[in-house]
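This report is a short tour of one structure. Look at the sequence and the 3D view before reading on.

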Amino acid sequence: MAKASDLPTLVRASVDGDEEAWNELVRRHAHLVMAVTRQYRIPPADAQDISQTVWLRLVEHLADIREPAAISGWIITTTKHECLRLLRSGGRTVPVDPLNGRVLDQSAADDVDGGLLDAERHQALRDGLAELAPQQRELLVLLAADPPAPYAEISRRLGIPIGSIGPTRSRILEKLRATNAIRTYLEATREAAANGGGRHALAELE
Amino acid sequence: MKPPRMEVDGMPSPNWNDDDELMADLRAALTVPAVDEQVLTAARGAFAWRGIDADLELIGLLYDSHLDVATSVRESPTESPRTLAFHGDNLGVEIELNDSGIEGQLIPAQPGLVTLVTADGPYAAVPADGVGCFSFPKPPGGPIRLECSTEAGRFVTVWITV
């Protein structure tokens, strides 16, 4: 049940004490925390500590979340702050501006910013995918595999004629674009763009 | 007849309006390194803390010397101990993390009981003296928080990583 739920449902259920729902939130977003720590080149042992802090904070923050789709932004921001604290404490080798978290070396800075944007965008795609019906999701996952599953195998596994896989893919991608997760993400990106170019999509939600 | 395509504007690169670009981005989104089981277990375990401190005021981190730009310009971070200030509406606690452990003071200065809490639960408890001062030996790595109890009230700080 938790597996098929959208984010608002999972967040509400977690607030109400549903551990399954919480575990599903973890399953869907654990990658995101680790992706951010990787951007700052945090060693694995420290990344583990940071991850635990972020999840402990989220447990406390959960009831205050008004817009569940903003949870990715909250996770990225919180993880980023913890990474910056750690980098400062350890006198690490990546010089960052503590005010905005930008890495001071310009090419490294572009890498980190780009990496965080990718992480947020990919999370939105995975969230959107989770909103689709299981059969639709499976088709996209099979086609997104590297290398993609052969049409004959997809046809056999999903019971749809080879000739209709192409049009079906197109229709499901359209559904993906219309999911709550994707629409909310695009909305946030648009707002960020309208509020001045430099700021990227992850609003400071704290 | 081709159905009308929903146009999404303000599109970041890559262009999700294009089926092939969207598929390629989806492929990238699904190609994520597996997260360590240990990390997942710890994250799931965080749920055990839900509502545990609901009767305590949660106070936020107001200042962290390691995120302070003025400090960072003046001195190298490793030379000075990290100081943190947590403040709620009426009560607060300020701490210094140094090589020997944690030294802190309740704000306003007053006696009380301070408990150092790790993700596994309460780790150590010490009294705060007449002017609110207390100290702990070096805590284990990982997230910690302080739970403070005074005559004026009880509160708990947000989690921090040390």
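## Basis of the model

This is a predicted model, in which local features need pLDDT of at least 70, side-chain atom pairs count only at pLDDT 80 or more, and totals for chains, interfaces and linings use all residues. Residues are numbered from 1 along each chain as its sequence is written, while chains are lettered from A and ligands numbered from 1 in the order in which they are written.

The pLDDT is the predictor's confidence in each residue, from 0 to 100. Its average in chain A is 84, and 83% of the residues score at least 70. Two residues are in contact if their C-beta atoms, placed from the backbone, lie within 7 Å.

## Chain B

Chain B has 3 helices and 10 strands. Helices (H or I, at least four residues) and strands (E, at least two) are DSSP runs, numbered from the N terminus. Their order along the sequence is α-α-β-α-β-β-β-β-β-β-β-β-β.

Of its 162 residues, 29% count as buried. A residue is buried if 20 or more other C-beta atoms lie within 10 Å of its own, exposed if 12 or fewer, and partly exposed in between, with C-beta atoms placed from the backbone. Among contacts in chain B with a separation of 6 or more, 42% are between residues 24 or more positions apart.

B:P140 sits in the loop between β7 (133–137) and β8 (143–150) of chain B. B:P140 counts as exposed because it has 11 C-beta neighbours inside 10 Å. Its C-alpha atom is 8.1 Å from that of B:T118, which is 22 residues away along the chain.

## Where the chains meet

## The nonpolar core

A nonpolar core is a set of buried Ala, Val, Leu, Ile, Met, Phe, Trp, Tyr and Cys residues joined through C-beta atoms within 7 Å. The largest one has 80 residues, and those with the most contacts inside it include A:W55 and B:A43. Helix α2 (residues 19–39) of chain A gives the most to this core, with 10 residues. Beyond its neighbours within four places in sequence, B:A43 is in contact with A:V26, A:A30, A:S51, A:Q52 and A:W55.

## Local backbone features

Two peptide bonds are described here. The bond from A:D146 to A:P147 is cis, with omega near 0 degrees, and A:P147 is in the loop between α6 (134–144) and α7 (151–158) of chain A. Another cis bond joins B:I107 and B:P108, with omega about -10 degrees.

A:R41 is not a glycine, but has a positive phi of about 55 degrees. A:R41 lies in the loop between α2 and α3 (44–61) of chain A.
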